[in-house]
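Okay, thanks for coming, everyone.

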Amino acid sequence: MDILVVGSGGREHAIIRKLKESPKANTIYCAPGNGGISKDAVCVPVPVMDIPGMVALAKEKKVGMVFVAPDDPLAAGMVDAMEAEGIPAFGPRANAAIIEASKVFSKNLMKKYGIPTAGYEVFSDPSEAASYIEKKGSFPIVVKADGLALGKGVLICQNLEEAKKALHEIMEDKVFGASGNQVVVEEFITGPEVSVLAFTDGHCVKPMVSSMDHKRALDGDKGLNTGGMGTISPNPYYTGTVAEECMKTIFLPTIEAMQKEGRPFKGCLYFGLMLTKGGPKVIEYNSRFGDPETQVVLPRLKTDFVDVLMAVIEERLEAQPVEWSEESCACVVMASGGYPGKYDKGIPIEGLDENGQIEGATVYHAGTLCQNGQFLTNGGRVLGITALGNNLEEALDKAYSAVEKINWKDVHFRRDIGRR
């Protein structure tokens, strides 16, 4: 079948590279795609949020499946629109994508169904939120914008002054737009973080291999929060015992809760977990493959990706085997200088071959343009340099060896991915 992938980042490139391994995939289209993706798929300049345009493209190309990868079009109902036209689409409908699109919804869902998460309160008035925090007097405390905010709507506040500033920015300055109409004020919990993506058809849930993201911009987990500076898989803290507990207390209860709410979740559900002294707790849900977690999880998938996706779409996941490699995988994100703040674009990248790759590793393109055969930077996170190995050390060595061969002006990357 021909397949259309919606999106333009490193996650989409990883999805396309995995789809290409399947003998069932013919032409792969990507809208809008990027410079690196254009070497693996036919890129079509339809914006991610243009739902009518995307439906028209899927019909024109007569694709057998549409893979909606980013959060915004999922929350806006792109899967619903495809299904209404009889086009098979991978991803949750809008009424299920709300599990990511509204933190208030997801926290209330967890409270209602007894799914372990941090204690919280919801506010739509900044002064009420501030007096609650002041009265509580316990720091650090977490302030979260309710809606989608490009992974940047969560602020950890060390004192009352920081909390008031966060509330002002989110709820009054509206730095995240309407996403800040409500906030969740949450207790600060500690422990190792684990990301687990899971295939689910609304009834059955099959977790993928675990991963660990590195969110901070600088070595030693310092600096500003980013969309992710690198990942490793498996996560060393996620043991078989922990996995069993998560399945029993978090994964299955979440799928069942969404069923009971009349919002069956089909697609990839991302569980952001913290392994606290009191057991695993949910920090967040995402309604799609994570970025850059996808870049280390999908390379370990042994089963035909198209088979798994179609089993999810057709609600027969229970009968579909999903097998994983025992190898480790590491991804180091190479970013523009200044990211996640201001940065320049259009800088020539040195060291890549004509397909945007490098020997000994896979290069997933997140923010690149290709002009006259030259790759240029075109985003904050530019490349994800990824390698498999027999163990984590080997995977990291291969990834960092490849990183050293790539360069551009003011390139920035962390040198301590996986070193915790």
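Predicted model: local features only at pLDDT ≥ 70, side-chain atom pairs only at ≥ 80, totals over all residues.

Residues are numbered from 1 along each chain as its sequence is written, and side-chain values use heavy atoms, with hydrogens and water left out.

So, the overview. The protein has twelve helices and 22 strands; these are DSSP runs numbered from the N terminus, with helices being H or I of at least four residues and strands E of at least two. The radius of gyration is 21 Å, close to the 22 Å from the globule rule for 420 residues, so the protein is as compact as a globular protein of that length. That radius is taken over C-alpha atoms, and the rule is 2.2 Å times the number of residues to the power 0.38. Along the principal axes, the C-alpha trace spans about 60 × 45 × 45 Å.

How much of the protein is buried? Buried residues make up 56% of the 420, where buried means under 20% relative accessible area, exposed means over 50%, and partly exposed is in between, using a 1.4 Å probe and protein chains only.

Now helix α1, residues 10-20. Nine of its eleven residues are buried, among them Gly10, His13 and Leu19. What do those buried residues pack against? Their partners include β1 (3-7), β2 (28-32) and α11 (305-313); contact here means heavy atoms within 4.5 Å.

Next, the pair. Helix α5 (residues 94-101) and helix α6 (residues 103-113) pack at about 90°, with axes 6 Å apart. That makes α5 roughly perpendicular to α6, a label for angles of 65 to 115 degrees; under 35 is roughly parallel, over 145 roughly antiparallel, and the rest oblique. On the α5 side we have Ile98, Ile99, Glu100 and Ala101, which meet Lys103, Phe105, Ser106 and Leu109 in α6.

Finally, tyrosine 113, which lies in helix α6. Is tyrosine 113 buried, exposed or partly exposed? Tyrosine 113 is partly exposed, at a relative accessible area of 25%. Leaving out residues up to four places away in sequence, tyrosine 113 touches Ala257, Lys260 and Glu261. The C-alpha atoms of tyrosine 113 and proline 253 are separated by 7.5 Å, though the two sit 140 residues apart along the chain.

Key:
Axes fitted to C-alpha atoms, helices over the stretch in contact; angles between N-to-C directions.
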